[in-house]
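Please open the structure in a viewer and keep the selection panel at hand. The stops below are meant to be followed in order.

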Amino acid sequence: MKKEILYTEAIVELEEIVSSIENEDVNVDELSVKVKRAAELINICKDKLQNTEEEVNSILKDING
Amino acid sequence: MPELTEEHSPKKYYSLLELTKSIESVIKKTYSRSYWIKAEIAKLNFYPKSGHCYPDLVEKENGVVLAQIRATIWAGHFNDISSKFLSIAKEPLSDGMTVLIRTSVSFHPVYGLGLHISDIEPSFTLGEMAKEKIISIEKLKKEGIFNSNKNLIPELLLQRIAIISVDTSKGYHDFLQIIDDNEWGYKFYHMLFPAILQGESAISSITEQLNRIKKAKSHFDVVIIIRGGGGDVGLSSYDNYKLAKAVALFPLPIVTGIGHATNETVVELVANINKITPTDVGYYLIQKFHNFSVRIQDAQKLLVDKSKQISSNEKLKLRNICSSFKNSTDGLIYNNRIKLNSAVHELNHKLKSQLSEQDSVIHQIGKRLSASVKVSMLSNSMLLSSLSDKLRLLEPKNILKRGYSITTKDGKTIVNSSDLQANDIVETQTYEGSFRSKVQSIEKQKQILNTKK
């Protein structure tokens with residue numbers, strides 16, 4: 001399931017970015033790219049907390065199939 | 001009734017009642033008192049209306065029935081027996097239970113052979129259940145699956161929940177209230193897989209629902225088994241080996257909230273997490289969301305702080321570079337200006353000396369030129385004076401002096417007599433004085449004019 005891996009991966013990637021910025025092995029050129037990516041990941045994660053898109057029909061199909 | 005004897009002829013017979021009465025008396029004589037018997041209740045067959053109970057008792061070995069008999073517990077006994085049993089064994093009398101019963105054997109001509117149960121020893125069943133629990137745990141450990149579910153690493157966010165519970169259970173509703181009405185707006189997806197949660201039938205019912213969930217396991221992050229309001233009663237099925245194995249081997253983490261305070265059941269022991277009560281399960285899931293959320297917040301804060309720091313560091317670096325650049329360029333410009341000045345100076349100097357050199361060359365040339373001009377002038381003036389001497393010889397006055405004259409008509413010099421006509425007046429110029437004359441005739445052809453004075 002692509003979706004559910006996504007938030008685990010998202011937070012791992014996010015924390016990687018943060019730690020690389022924290023250790024200051026990011027140059028200024030990369031910084032804005034990384035920060036932009038981090039903001040994206042933060043949104044994905046936050047969105048994940050507030051939403052779920054599980055489809056009842058597909059679950060039922062799997063259970064009964 | 002006398003003992004039955006086999007008669008051949010004439011055929012003697014007994015009535016069915018005589019036979020059954022005979023059986024009854026034999027049994028009564030042989031089994032005159034009551035006995036403690038260990039047996040399994042295959043089916044309890046309790047009739048709430050009458051209050052009587054007609055358990056089917058069996059003895060099995062490896063699933064094969066070796067003995068079976070019907071029993072009776074009259075309503076008068078059943079109340080006492082079942083309530084005593086419940087309070088000590090923490091389980092109601094139920095199917096599949098191994099019990100120690102005090103019974104007498106009876107035979108009735110109509111109802112046949114049966115056992116009359118007058119007492120059941122709950123501590124024996126308790127021991128049996130404890131034994132079953134120990135055996136279950138040992139078996140699971142031996143198979144190396146006791147920690148299988150425990151060792152599963154749950155997703156960071158346990159968001160999609162398969163719930164094994166009963167729709168009418170208080171625990172289920174408490175749980176839903178906690179996760180659905182949480183104040184942080186965390187969103188859970190949950191689906192109920194209804195099951196019987198206590199007694200013997202819980203084993204197959206829960207196992208069946210686990211199998212259904214397994215088919216759709218990709219849609220769920222966690223399975224929770226919750227049960228509320230049942231107290232400590234009816235939990236022995238959670239010590240069952242089969243159910244515990246199904247839980248242990250389940251591919252998703254299982255969280256239990258079966259709701260009791262005493263010893264943990266085997267299912268709870270093998271589950272990924274045991275939270276005892278449904279509300280605790282709810283708070284546990286919310287806490288997972290919090291943990292996730294906190295990680296994001298921390299990351300966000302660090303990100304902002306560090307980014308600011310990096311850019312201010314870079315700014316400072318840039319400023320330092322700028323100022324050192326200015327210093328070094330100033331120096332460079334100064335040095336180059338000096339070089340340039342000296343170069344200009346040198347150039348000027350060279351130019352001047354070159355100019356004066358050229359000047360002297362030109363001067364030399366001028367001198368040579370004027371010298372040669374003088375020479376050439378001298379030779380030319382000599383030439384001119386010789387020429388003017390020649391010219392003087394050619395002057396008309398000098399020619400006239402030698403006797404030649406010039407005749408003109410109307411100011412025009414006559415060089416051809418054909419230009420004249422008879423009677424034309426002409427003027428003749430001599431070296432000294434002139435005269436006028438009239439043309440008499442004209443002789444052509446190389447004859448000199450005849451003129452009158």
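The tour goes from paired strands to nonpolar cores and then to a helix.

This is a predicted model, in which local features need pLDDT of at least 70, side-chain atom pairs count only at pLDDT 80 or more, and totals for chains, interfaces and linings use all residues. Residues are numbered from 1 along each chain as its sequence is written, while chains are lettered from A and ligands numbered from 1 in the order in which they are written.

Select strands E1 (residues 35-43) and E4 (residues 98-108) of chain B, which run antiparallel and are joined by 6 bridges. Strands, here, are DSSP runs of E with at least two residues, and helices are runs of H or I with at least four, numbered from the N terminus; two strands pair if DSSP finds at least two bridges between them. Ala39(B) stands opposite Val99(B) in E4(B).

Next, select helix H6 (residues 241-248) of chain B. Is this helix enclosed or open, and why? Of its 8 residues, 6 are buried, so H6(B) is largely enclosed by the rest of the structure. A residue is buried if 20 or more other C-beta atoms, placed from the backbone, lie within 10 Å of its own, exposed if 12 or fewer, and partly exposed in between. The buried residues include Leu243(B), Lys245(B) and Val247(B).Finally, select Val247(B) with Leu14(A): both are among the residues with the most contacts inside the largest nonpolar core, of 65 residues (buried Ala, Val, Leu, Ile, Met, Phe, Trp, Tyr and Cys joined through C-beta atoms within 7 Å).
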